[in-house]
Amino acid sequence: MMIGDYQVQGSNLQVVGSLRISNEELSGASSATDRAHKGFKPKTLTVSLQIKQSQPEQLTRLIELAEGMDKAGKQTVYTLVDNTAKAMNIRQVQFNDNLSARESADKRLWQVQFTLAEYRSVPEKVEQRQPKKDPKKQQADGQPIGPDNQASNEPELTEFEQLLKQIDEQIGPRETEKPTDDQSADNTASAA
């Protein structure tokens, strides 16, 4: 296995490939088997190997690769050469999840395990190539409401209520609404 320009050292190298298919169950509480396909998630490769403790530089180099960052501060993307990766159509990867190194019982080996995740998967590339659909413009019947078309604070009156309002305005104020002393003095002065 080659990650970037580094030939992975160690023994008992094993690679397990995984493709996660995202589905959502539509059956609710029933026993139906309907599902909604939500897409394919990036493929992953779980790599396990053994590194002799007499060669710690091999483990150090793997850790350096896992911690690698590019000039923009993003995690480094590596070109991968491996038979399982080739069979799964994986070309570029990033380290994902964790890298673990566990001492063996006799303390002569480290059991190393790490996960590589596909970078820019084929479904992702296909999705990016498809033209983006413009959202449909929503339209509603009626008049827009805004600063220019604000509704008045008075409720809309029915025809009968409008008739009663006109009669009320013609009759004048109620007896209980007697004018104040200032208003009656004004009315007397204007009459004279």
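This is a predicted model: local features need pLDDT of at least 70, side-chain atom pairs count only at pLDDT 80 or more; totals for chains, interfaces and linings use all residues.
**Chat: a sheet, a helix and a core**

Trainee: OK. How many bridges join strand 1 to strand 2?

Mentor: Two, and those strands run antiparallel.

Trainee: Zooming out, in what order do the strands of the sheet come?

Mentor: The order is 2-1-7-8-9-6-3, with seven strands forming an open sheet and antiparallel pairing.

Trainee: And which strands stand at the edges?

Mentor: Strand 2 sits at one of the edges, and strand 3 (11–18) is an edge strand too. Each has a single partner strand, so one side of each has no neighbour in the sheet.

Trainee: What packs on the sheet?

Mentor: Helix 1 does, touching strand 1, strand 2, strand 6, strand 7, strand 8 and strand 9. The direction of helix 1 makes about 140 degrees with that of strand 8.

Trainee: Which residues of helix 1 are buried, then?

Mentor: Helix 1 covers residues 56–66, and the buried ones are Q58, L59, L62 and L65. Looking down the helix axis, you'd find the buried residues within an arc of 120 degrees, so they line one face of the helix.

Trainee: What covers those buried residues?

Mentor: The cover includes strand 6 (44–52), strand 8 (92–103) and strand 9 (109–118), along with strand 1 (2–3), strand 2 (6–7) and strand 7 (78–81).

Trainee: New topic: the largest nonpolar core. Which residues there touch the most other members?

Mentor: I3, L62, L80, V112, F114 and L116, out of 22 residues in that core. Two or more residues each come from strand 6, helix 1, strand 7, strand 8 and strand 9. As background, nonpolar side chains in soluble globular proteins tend to be buried together.

Trainee: Pick V112. What does V112 touch?

Mentor: Leaving aside residues up to four places away in sequence, V112 touches V47, S48, L49, I51, L59, L62, S100 and A101.

Trainee: Last one: how many salt bridges does the structure hold?

Mentor: One. R61 pairs with E64, and their closest N and O atoms are 3.5 Å apart.

Trainee: Where do R61 and E64 lie?

Mentor: Both are in helix 1, three residues apart, which is about one turn of the helix. An α-helix has 3.6 residues a turn, so residues three or four places apart point the same way.

Trainee: What are the relative accessible areas of R61 and E64?

Mentor: R61 is partly exposed at 29%, and E64 is partly exposed at 43%.

Methods:
Residues are numbered from 1 along each chain as its sequence is written. Side-chain values use heavy atoms; hydrogens and water are left out. Buried means under 20% relative accessible area, exposed over 50%, partly exposed in between (1.4 Å probe, protein chains only). Helices (H or I, at least four residues) and strands (E, at least two) are DSSP runs, numbered from the N terminus. The arc is that of the directions from the helix axis to the C-beta atoms. Contact means heavy atoms within 4.5 Å. Two strands pair if DSSP finds at least two bridges between them. Axes are lines fitted to C-alpha atoms, for helices over the stretch in contact, and angles run from 0 to 180 degrees between N-to-C directions. A nonpolar core is a set of buried Ala, Val, Leu, Ile, Met, Phe, Trp, Tyr and Cys residues joined through side-chain atoms within 4.5 Å. A salt bridge is a side-chain nitrogen of Lys or Arg within 4 Å of a carboxyl oxygen of Asp or Glu.
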